[in-house]
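These are my notebook entries on one structure, written down in the order in which I looked things up. I began with a term that I wanted settled before reading any helix pair.

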Amino acid sequence: DDQDEDDQDDSKRVAFVGISNWALDPAKMNRGILVQREVPTDDELIVSAEGISSTDPRTQAYLKPHVAGMARAYLEIYNKPKRDDKEFFGLRDFYSLIKMVFSFCKQTGN
């Protein structure tokens, strides 16, 4: 009801845009899902990085000593006080970093 929407605290209202290759029927248009995760620990980031790099054991072995440093650096940047609301580093940024370094190491053999 419109009156209930007006009474809601603005901080609890969420707008989003969904992009899909599939047509949505009217019954599904009012559905949404929120996936939210707490800030991971160093150990969780390291386990994720090891999983991402597990397709090539040789490259993973080379990358392994550097993963803890990348995890610490990511958390340092993530936890750094933000200057404005536009500055944001999410888990995708860490995953992309690991994938990029893994790919570079695999291609160069270093």
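Entry 1, handedness. I note here that the model is a predicted one.

I counted the secondary structure and found four helices and zero strands in the protein chain, which reads along the sequence as α-α-α-α. I then looked up burial, and 17% of the 110 residues of the protein chain count as buried. For contacts between residues at least 6 apart in sequence, I found that 66% join residues at least 24 apart.

I looked up the geometry of helix H3 (residues 57–79) and helix H4 (residues 91–108), whose axes come within 11 Å and cross at roughly 150°. Because angles over 145 degrees count as roughly antiparallel, H3 is roughly antiparallel to H4. On the H3 side, I listed Thr59, Gln60, Tyr62, Leu63, Met70, Ala71 and Tyr74, which meet Leu91, Phe94, Leu97, Ile98, Val101, Phe102, Cys105 and Lys106 in H4. Sorted by class, this contact has twelve nonpolar, two polar and one charged residues.

I next took up H2 and H3, which pack at an angle of about 145° with their axes 9 Å apart, and H2 passes H3 in a right-handed crossing. From H2 the contact draws on Asp42, Leu45, Ile46, Ala49 and Glu50, and from H3 on Gln60, Lys64, Val67, Ala68, Ala71, Arg72, Tyr74 and Leu75. By class, I recorded eight nonpolar, one polar and four charged residues in the contact of H2 with H3.

How many salt bridges does a search of the whole structure find? The search finds one, and the side chains that meet in it are those of Glu50 and Lys64, at 3.9 Å from N to O. I noted that this pair links distant parts of the chain, with Glu50 in helix H2 (residues 42–52) and Lys64 in helix H3, 14 residues apart. I also looked up the accessibility of both partners: Glu50 counts as partly exposed because its relative accessibility is 28%, whereas Lys64, at 54% relative accessibility, counts as exposed.

Note on methods:
Residues are numbered from 1 along each chain as its sequence is written. This is a predicted model: local features need pLDDT of at least 70, side-chain atom pairs count only at pLDDT 80 or more; totals for chains, interfaces and linings use all residues. Side-chain values use heavy atoms; hydrogens and water are left out. Axes are lines fitted to C-alpha atoms, for helices over the stretch in contact, and angles run from 0 to 180 degrees between N-to-C directions. Helices (H or I, at least four residues) and strands (E, at least two) are DSSP runs, numbered from the N terminus. Angles under 35 degrees count as roughly parallel, over 145 as roughly antiparallel, 65 to 115 as roughly perpendicular and the rest as oblique. Contact means heavy atoms within 4.5 Å. Ala, Val, Leu, Ile, Met, Phe, Trp, Tyr, Cys and Pro count as nonpolar, Asp, Glu, Lys and Arg as charged, and the others, Gly among them, as polar. A salt bridge is a side-chain nitrogen of Lys or Arg within 4 Å of a carboxyl oxygen of Asp or Glu. Buried means under 20% relative accessible area, exposed over 50%, partly exposed in between (1.4 Å probe, protein chains only). A crossing is left-handed if the near helix is turned anticlockwise from the far one by less than a right angle, and right-handed if clockwise.
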